[in-house]
Amino acid sequence: TAPGFTQVTIRPDLAGLKWAKGAEPTPHGLLKVALENKDANGLQTTIDLPQDVAATVLVPAGQPGQHLLVNGKEISNAQPAENGTRVAVILRGAGQYELQTR
């Protein structure tokens with residue numbers, strides 16, 4: 001990560017809830033995360049990243065054959081994490097990101 005950047009790790013998990021949302025202050029502004037269980041479509045995670053924050057997001061791996069989408073586009077560079085139970089994707093740049101498995 002470049003000097004001046006803040007690196008965070010986000011590990012979305014609803015722990016049995018239907019939805020959850022929260023925010024965490026960073027030196028560069030407020031980082032916001034919202035989660036929602038979309039039943040057949042899996043977990044939808046919306047992340048608002050402030051400027052100069054990079055996030056490693058550890059998304060539940062889902063079912064075999066499912067794909068990870070970020071802002072509606074399939075991600076091919078997601079890496080297996082946590083013994084294959086999650087996949088890791090790195091988000092850089094200010095903006096809103098929507099992650100979903102399908």
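Begin at His-28, which counts as partly exposed because its relative accessibility is 29%, between the 20% and 50% cut-offs. Keep in mind that this is a predicted model.

**Stop 1: around His-28.** His-28 sits in the loop between strand 2 and strand 3. Show its contacts beyond four places in sequence: Gly-4, Phe-5, Thr-6, Pro-50, Gln-51, Asp-52 and Val-53. Ala-15 is 13 residues from His-28 along the chain, and their C-alpha atoms lie 29 Å apart.

Stop 2: Six of them form an open sheet in the order 2-3-4-10-6-7, and the pairing is antiparallel. Which strands are at the edges? They are strand 2 (19–26) and strand 7 (73–74), each pairing on one side only.

Zoom in on strand 4 and strand 10. Six bridges join this antiparallel pair. Select Thr-46 and look across to strand 10: Glu-98 stands opposite.

**Stop 3: Gln-100.** Stay on strand 10 and pick Gln-100. Is Gln-100 buried or exposed? Gln-100 is buried, because its relative accessible area is 6%, and buried means under 20%. Apart from neighbours within four places in sequence, Gln-100 contacts Lys-38, Asn-41, Leu-43, Gln-44, His-67, Leu-68 and Leu-69.

**Stop 4: the nonpolar core.** Select Ile-10, Leu-31, Ile-47, Leu-49, Val-57, Leu-91 and Leu-99. In the largest nonpolar core, which has 19 residues, these touch the most other members. Several elements give two or more residues to this core, including strand 1 (6–10), strand 3 (29–37), strand 4 (43–49) and strand 9 (86–92). Which strand gives the largest share? Strand 5 does, with four residues.

Centre the view on Leu-49. Beyond four places in sequence, Leu-49 touches Leu-31, Ala-55, Leu-91, Gly-93, Ala-94, Gly-95 and Tyr-97. Two of these contacts, Leu-31 and Leu-91, are also on the list of core residues that touch the most other members.

**Stop 5: the largest pocket.** The largest pocket holds about 180 Å³ of space. Of its 14 lining residues, Ala-61, Gln-66, His-67, Leu-68 and Val-87 are the closest to the centre.

How values were computed: Residues numbered from 1 in each chain as written. Predicted model: local features only at pLDDT ≥ 70, side-chain atom pairs only at ≥ 80, totals over all residues. Heavy atoms only, no water. Core = buried A, V, L, I, M, F, W, Y, C linked by side-chain atoms within 4.5 Å. Buried < 20%, exposed > 50% of the residue type's maximum accessible area, 1.4 Å probe, protein only. Contact = heavy atoms within 4.5 Å. Pairing = 2+ DSSP bridges. 1 Å grid on protein atoms, 1.4 Å probe; cavity = no way out; pocket = protein on both sides within 12 Å on 5 of 7 lines; lining within 4 Å. Points joined across faces, edges and corners; volume = space filled by probe spheres on them.
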